[in-house]
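Please read this report with the sequence and the three-dimensional view side by side, and find each residue as it is named.

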Amino acid sequence: MKQYFLSFIFMALGLMLASAQQQDELRLLSSSNMITGMSNNAMFYRPVFEHKGSTLSADSGYLHKDEIGRQFFEAYSNVIITQPTGTQIFADKLHYDAASQNATLTQNVRMVSRSSILTTNHLQYNMRSSVGNYYGGGRITSGTDTITSTNATYFENTQDAFFNKKVVVRTPNVKIYTDSMKYNSPSSMTYFYTPTNIKGNKGENLYTEKGDYNTNTGVANFTKKNLYTEGSKMLKGDTLHYDRRTGEGQAIRNVVFIDTTDKFYAYGNKGLYRQSDESITMTDKPLIISVVKKDSTQRDSTDNPTSKNKNTSNKEIKKKDKNEKKEEVVAKEENQSNGNKPIKIDAVTLPKDSVQMDSIFMTADTLFSKMILRSAYIPKNFKLSRDGGELDVEVDEDYGDDEDSTSTNFTEGLDSLQLKDDTLAKKEVKLQVNPKNTKDKSTILKESTKQNTKKENSTSSKAPAKPVIKDLNRFELEKNSKADSLLRKNAVVPKADYSDQIFNKALRSAKNNTGQSASPPDTAKTRIVKAYHNVRMFKSDFQAVADSVYYGMADSMFRLMGKPMIWAEKSQISGDTIFLQFVNQKLDNTLIVGNAFMVNATLDSVKYNQLKGRKITGFFDKNSLERMFVDGNAENIIYVVNEETNVATELFHDRSSRIKIYMENNKLKEYVSIRKVDGKVYPIAQLTQEKEFLPGFIWKPEDRPKSKQDLLNRKRSVAKEEIKAPQAESKEGKPKEKILKNIDKEIEDNVPETMKKQIEVKEQIKQVEPRPVSPTQTPIKR
């Protein structure tokens, strides 16, 4: 019984092996002629075989078996393999192993699947796993995308393809160059793992070493060494998102924007670039750096170790340096604890024989900059004169940008970059209504909104249809093969240090402000910069804070608004609005409008020289204050100091319509009062607190940025309700249309009646000679 049972098992196994062997063999469906040889080898003309659900046909073929019974099929001319999925493979020659289902196809190979065509001259394809490989060059065409490479692996089931060596992707909008890439045909998604350049038709280029890009929608997401370039503009960040349709690029962490044409660059941890108006928005500790010509007193903090102060010793200087270094270390540790890498602020390095440069550092909660038409920019022209000019001045509220930046929707989709309320001037948008049209504005707006929504719905509903895949003839295949070979040969695939080289070169050019830019300057456009909320500025010889700042490159003028303050050496300047202008990359003039106040600390830093007026005009020479003009109820307090003892002996209080001050080497050289109202001298012993300070006295050294690191890590404490737009008021308390209109009239209105009578009595005296500030002072000119 046992022997019978074993015989039955062996018989069953033999039948199973025979059945499996029959299933592995090719089954002849048809043939026009057949020649049979030895060992069941046969030659066929126009055969059609079936194997595992697939059919294999050719003009001629040879079927044979090896010593262990494996079956092979050699086919020649017009080879066609048709799989159950509908995928077809065409070639001139075929070697097919029935056991492993490996097919080797050569010469004019093209594989036509559901959504793509693969063409090459040598393809190894496994019909069991539906995976194909080519190694001698080939291409895959999917819709409007054409990818060529030296090597590739194609997965027919998932329709994924992996390309290696000299990969070139061509689409209607971009060309991609890389050495390693994955592509999915149905989704048109490309994935990159090595240095990659994505070049657009408008000259823009996206570089990354890891990320993905959708060739259909134009949406890119990069995560390693990312760089976006467009002409002279560059945007870099640890993470980069780009949308080709909107032309917007978003960068996160360690963001740097550079424009080599304007010599402009900005840092931040979040940035948004818009291609339409060439604008950049920076948030999360943003920093804008403007390069200007260097003065002789440049330093990295407000503490000046070279100042001629007898009370400052070398030990104190070293102590200050140590404290400053500690502040920078603490700032870096705070950044790292918050998960952010510290922003590296490089010094400006120049060749020895080049012009020495300095930098203006500016930060705020939000920094915004864009290009506008030069014709749309209205430069400020106060007609300032170094001799003081006339006493009346008119300030225009129009800052010259063609549109308000906050009215556009450029932060949509990036919540972290949403701007706060704009404190800068806004323009009203007026509708152009045809007089013949009786429709009102609301009707026009509704109709335009409906038209826009219809357009959006129509464009969104119409998905981009892929063209019908057609087979190619032999001539086209050979032509494409030669063209692809030449394309791969001439393709410039970026190397790993490509972005660093390009970026560092551009950064050096922007910092030096001397070399030629990547593209010629655009004479039709100019750049503007807007800083919103908690603005801080740092330069070697002055520092500033404000709520909002507007800067135009056309006239190189800064407009500081919202409780602005400026510090230079031991002086502090404040007012409703402060204007700073650079000429030939050097600080040239400043205008403080509305409640202008200047405070200067004396040697003992306890008593303060003070200047007060409706406006203060200052002019600079070699970045040092040369002369000042105080207009409109001008008042001045100066402490007379004994130069031998360095002790204040008297207080000089002067009130005039205008005060002129001339400086030399940061020291008072000449003082002149015009239309003098009152002038008194008080001995120090007789001073009271009321006489020591002018009305509206402000002294806030704690708000002053101490260094570049302090600029980023500390904000001044100013309540939002304290910040108001600069505005002059009439006697009734109603705001006027212009800031400071006809200052002379306002002076007259504010002069007390008793003083008016005194002026009438002394009409013949147009100038009253003031008393000298100190015995060593030069004669005062009338």
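## A hairpin and its neighbours

In the hairpin formed by S39 and S40, where 4 residues lie between the strands, asparagine 646 takes a positive phi near 55 degrees. The model shown here is a predicted one, and the description that follows should be read with that in mind. Strand S39, residues 624–642, and strand S40, residues 647–664, run antiparallel and are joined by 14 bridges. Within this pairing, asparagine 636 stands opposite aspartate 654 in S40.

S40 also pairs with strand S41, residues 667–683, in the antiparallel sense and over 14 bridges. Here methionine 663 of the model is found opposite leucine 668 in S41.

## The protein as a whole

The secondary structure of the protein comes to 9 helices and 41 strands. Of its 782 residues, 46% are buried. When contacts between residues at least 6 apart in sequence are considered, 52% of them join residues at least 24 apart.

## Nonpolar cores

Which residues touch the most other members of the largest nonpolar core? This core has 92 residues, and the ones in question are Leu94, Leu105, Phe163, Phe558 and Leu560. A second, separate core has 18 residues, among them Ile258, Leu507, Leu711 and Leu712. As a general background, nonpolar side chains in soluble globular proteins tend to be buried together.

Leaving out residues up to four places away in sequence, leucine 105 touches Val79, Ile81, Ile89, Ala91, Lys93, Leu94, Asn121, His122, Leu123 and Tyr125.

## Aromatic rings

A pair of aromatic rings is described by the distance of the centres and the angle of the planes. In this protein the count comes to 17 aromatic pairs. One of them is formed by phenylalanine 257 and phenylalanine 264, which are 6.2 Å apart from centre to centre, with 65 degrees between the planes, an edge-to-face arrangement. Both phenylalanine 257 and phenylalanine 264 are buried. The rings of phenylalanine 619 and phenylalanine 629 also form a pair, and because their planes stand at 80 degrees, with the centres 6.2 Å apart, this pair is edge-to-face. Phenylalanine 619 lies in strand S38, residues 608–621, and phenylalanine 629 lies in strand S39, so the pair ties together parts that are 10 residues apart in sequence. Phenylalanine 619 and phenylalanine 629 are both buried.

Phe257 and Phe264 also belong to one aromatic cluster together with Tyr228, Tyr242 and Tyr273. A ring can have a charged neighbour as well: lysine 182 lies over the face of tyrosine 191, at 5.2 Å from the ring centre.

## Two residues in the loop between S14 and S15

Glutamate 156 has its place in the loop between S14 and S15. Is glutamate 156 buried or exposed? Its relative accessible area is 1%, and because residues under 20% are counted as buried, glutamate 156 is buried. The side chains of glutamate 156 and threonine 87 are joined by a polar contact of 2.6 Å, although these two residues are 69 residues apart in sequence, with 8.4 Å between their C-alpha atoms. Apart from residues up to four places away in sequence, glutamate 156 touches Thr85, Thr87, Met111, Ser113, Arg114, Tyr125 and Ser130.

Glutamine 159 lies in the loop between strand S14 (151–155) and strand S15 (160–170). With a relative accessibility of 8%, glutamine 159 counts as buried. When neighbours within four places in sequence are left aside, glutamine 159 is in contact with Arg114, Ser115, Tyr154, Tyr183, Asn184, Ser185 and Pro186.

## A glutamate between S26 and S27

Glutamate 278 is placed in the loop between strand S26 (264–274) and strand S27 (279–283). Glutamate 278 has a relative accessible area of 12%, so this residue is buried. Which side chain makes a polar contact with the side chain of glutamate 278? The partner is lysine 233, at 2.7 Å. Lys233 is also one of the residues that glutamate 278 touches, along with Tyr273, Ser369, Lys370, Met371, Lys525 and Arg527, not counting residues up to four places away in sequence.

How values were computed. Residues are numbered from 1 along each chain as its sequence is written. This is a predicted model: local features need pLDDT of at least 70, side-chain atom pairs count only at pLDDT 80 or more; totals for chains, interfaces and linings use all residues. Side-chain values use heavy atoms; hydrogens and water are left out. Buried means under 20% relative accessible area, exposed over 50%, partly exposed in between (1.4 Å probe, protein chains only). A polar contact is a pair of N or O atoms within 3.5 Å; within protein, one must be able to donate a hydrogen and the other to accept it, and residues adjacent in sequence count only if both atoms are side-chain atoms. Contact means heavy atoms within 4.5 Å. Two strands pair if DSSP finds at least two bridges between them. Rings of Phe, Tyr and Trp (its six-membered ring) pair if their centres lie within 6.5 Å; planes under 30 degrees apart count as stacked, over 60 as edge-to-face and the rest as tilted. A charge sits over a ring if NZ of Lys or CZ of Arg is within 6 Å of the ring centre and within 35 degrees of the ring normal. A nonpolar core is a set of buried Ala, Val, Leu, Ile, Met, Phe, Trp, Tyr and Cys residues joined through side-chain atoms within 4.5 Å.
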